Amino acid sequence: DGKATTAVKEEAGDNARSRLSSIYSEANASYSNNGVETETRKKKVVLLGTGWAGASFLKTLNNSSYEVQVISPRNYFAFTPLLPSVTCGTVEARSVVEPIRNIGRKNVEMSFLEAECVKIDPRSKKVYCRSKQGVNSNGKREFDVDYDYLVIATGAQSNTFNIPGVEENCHFLKEVEDAQRIRSTVIDSFEKASLPGLNEEERKRMLHFVVVGGGPTGVEFASELHDFVNEDLVKLYPKAKNLVQITLLEAADHILTMFDKRITEFAEEKFTRDGIDVKLGSMVVKVNDKEISAKTKGGEFSTIPYGMIVWSTGIGTRPVIKDFMKQIGQGNRRALATDEWLRVEGCDNIYALGDCATINQRKVMEDIAAIFKKADKENSGTLTMNEFQEVMSDICDRYPQVELYLKSKGMHGITDLLKEAQAENGSNKSVELNIEELKSALCQVDSQVKLLPATGQVAAQQGTYLAKCFDRMEVCEKNPEGPIRIRGEGRHRFRPFRYRHLGQFAPLGGEQTAAQLPGDWVSIGHSSQWLWYSVYASKQVSWRTRVLVVSDWMRRFIFGRDSSRI
Ligand code: FAD
């Protein structure tokens, strides 16, 4: 009986299998027509990275004709502007992260692989990846993924400038784990300095915190640490009060050089009042496990004993991007060069955004020169005023950075001509326009117009822009909406990327923040701190993190920061 039952079961299994296989063949037949795939196949977009650029791309993409494969070594998005707050427990690490699988629209098919891309092969349209865990029964960690479109948003890594000892002895502040490590090390330093059997010099060294780099991250960390020490730690470690020292080393002549002069001056004065030792013009040359050596502009060397160093001197290129740049002939650059549509130069269907990419400024300037040449129809070197105005407005429309530059500096020649043109409004008078002179004037713009800053703001705007382009890819194929091509006929499918600067903050501690908003509007003090709270609460990627961050701030107001080392 048992055998009969097994035979019946097997027969049923065979029937089910053959039925399934016929369903599968039917499905296949409707999918392919004589072996040729029909148009219904979804285009595969591979997205590398889950940072600001990647997350905003995912959050915006809203076209079900794509299948998105996200690959990143971390399965969450981290709100980096709050990392300095995580270093001192003002905000908890889990409050600033959101699982990447929660980000993205429901109608877009998305899957995630927790792995690092180690090689990009544009010829075979594949990315090669390595996971931390074994991915098959052999425990192999490598695998490859095909793509139709590749979006590179791998960000950048901390730059050590190859200074000896930095990698081994300094803390970086780039990832959530870095912030957690810094938090433990700060508390460790206080615990170690409280142990018996140490002399005062030794305790002082342990409680000497050095920050290298006077940019926004270094300055914010120094002020957070100052507040943590003075508001919370000195109450718990009263003997340490007179031993703690915070030093900020900056190679340039001022801190916060990308901010308005008023902010720089205020920050330097406030730090001096707070007892933070700001050493300007100090270039670190070597670090060992107990001392940091710096050189001043005058050539003097000094050696400073330290307990902990936080290194925050800017960003460098990731190895996978370096390797890719070599493959495509961009080996001598700092970041992947793209055009203004964020397409990687020299590649098809590959886009790069955020900190790993930069819009090729020199190419932009060549394009501007080409616009002039094109406008100069008879090649006589003269344009009518109306033609000139048209050309200038076309340039300023496409290249807002040039417009900004012209407005702020007033460039000899071009602005004079513009003023003249305005006075003559509507006039058809011809002006002599020497194309060669113009080109050299544009080279001047090239060297002075700043590249887009490496910020979350730029990365997020680029992610949104690119997702919107992907959403409208098919429609715009038929009805292009971009500007007229400089080379070749017709229009570009999309308008080029335009950055809208919304302002920047520099928290300076003691519930004071400096804010520089568009139109060079500067505000410093307690009111800007409230603006900072509201902007950063509103910028959170989810309601969950918004609630967590706000409740962390309230907890800190009521109970202070937690100094347990767990
Ligand atoms: P990231 O956000 O760095 O993301 C890169 C992603 O790529 C990560 O998910 C990473 O895991 C992944 N990745 C790395 N290697 C690989 C690989 N090989 N394969 C696949 N994936 C990979 N900007 C502001 O605008 N305002 C601020 O207030 C501000 N404060 C900051 C404070 C701190 C402490 C820091 C560190 C940065 C701050 N920034 C701020 C800058 C901002 O965080 C960056 O400019 C922004 O993160 C860049 O976004 P991104 O997507 O290019 O790179």
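A nonpolar core is a set of buried Ala, Val, Leu, Ile, Met, Phe, Trp, Tyr and Cys residues joined through C-beta atoms within 7 Å. A residue counts as buried if 20 or more other C-beta atoms lie within 10 Å of its own, as exposed if 12 or fewer do, and as partly exposed in between, with C-beta atoms placed from the backbone. The model described here is predicted: local features need pLDDT of at least 70, side-chain atom pairs count only at pLDDT 80 or more, and totals for chains, interfaces and linings use all residues. Residues are numbered from 1 along each chain as its sequence is written.

**Overall make-up**
- The protein chain has 18 helices and 29 strands; helices (H or I, at least four residues) and strands (E, at least two) are DSSP runs, numbered from the N terminus.
- Of its 566 residues, 34% count as buried.
- Among contacts between residues at least 6 apart in sequence, 66% join residues at least 24 apart; a contact requires C-beta atoms, placed from the backbone, within 7 Å.

**Nonpolar core**
- The largest nonpolar core has 116 residues, and Leu47, Val151, Ile152, Ala267 and Leu336 have the most contacts inside it.
- Leaving out residues up to four places away in sequence, Leu336 touches Ile152, Ile321, Met325, Gln330, Val344, Ala352, Cys356 and Ala357.
- In soluble globular proteins, nonpolar side chains tend to be buried together.

**Five-stranded sheet**
- An open sheet of 5 strands runs in the order β7-β4-β3-β11-β23 with parallel pairing; two strands pair if DSSP finds at least two bridges between them.
- β7 (109-114) and β23 (350-352) are the edge strands with a single partner each, so one side of each has no neighbour in the sheet.
- Neighbouring strands of this sheet are turned by 20° against each other on average, direction ignored; axes are lines fitted to C-alpha atoms, for helices over the stretch in contact, and angles run from 0 to 180 degrees between N-to-C directions.
- Strand β3 (residues 43-48) is joined to the parallel strand β4 (residues 66-72) by 6 bridges, and Lys43 stands opposite Tyr66 in β4.
- Helix α2 (residues 52-60) lies across β3, β4, β7 and β11 (149-152), at about 150° to β3.

**Three-stranded sheet**
- A second open sheet has 3 strands in the order β8-β9-β10, with antiparallel pairing.
- Its edges are β8 and β10 (142-146), each with a single partner strand, so one side of each is left without a neighbour in the sheet.
- The twist from one strand to the next averages 25°.
- Strand β9 (residues 126-130) pairs with β10 over 5 bridges in the antiparallel sense, and the bridge partner of Cys129 in β10 is Phe143.

**An enclosed strand**
- Strand β15 (residues 245-250) is largely enclosed by the rest of the structure, because 5 of its 6 residues are buried.
- β15 pairs with β14 (residues 208-212) in the parallel sense over 5 bridges, with Phe209 opposite Ile246 in β15.

**Ligand surroundings**
- The ligand is surrounded by 33 residues, the closest being Gly49, Gly51, Pro81, Gly155 and Gly354; a residue counts as near if its C-beta atom, placed from the backbone, lies within 6 Å.
- The elements giving two or more residues to this shell are α2, β4, α3 (83-87), β8 (116-121) and α15 (456-471).
- The shell has 15 nonpolar, 13 polar and 5 charged residues; Ala, Val, Leu, Ile, Met, Phe, Trp, Tyr, Cys and Pro count as nonpolar, Asp, Glu, Lys and Arg as charged, and the others, Gly among them, as polar.

**Arg500**
- Arg500 lies in the loop between α16 (473-478) and β27 (504-509).
- Arg500 is exposed, with 9 other C-beta atoms within 10 Å.

How values were computed
Contact = placed C-beta atoms within 7 Å.
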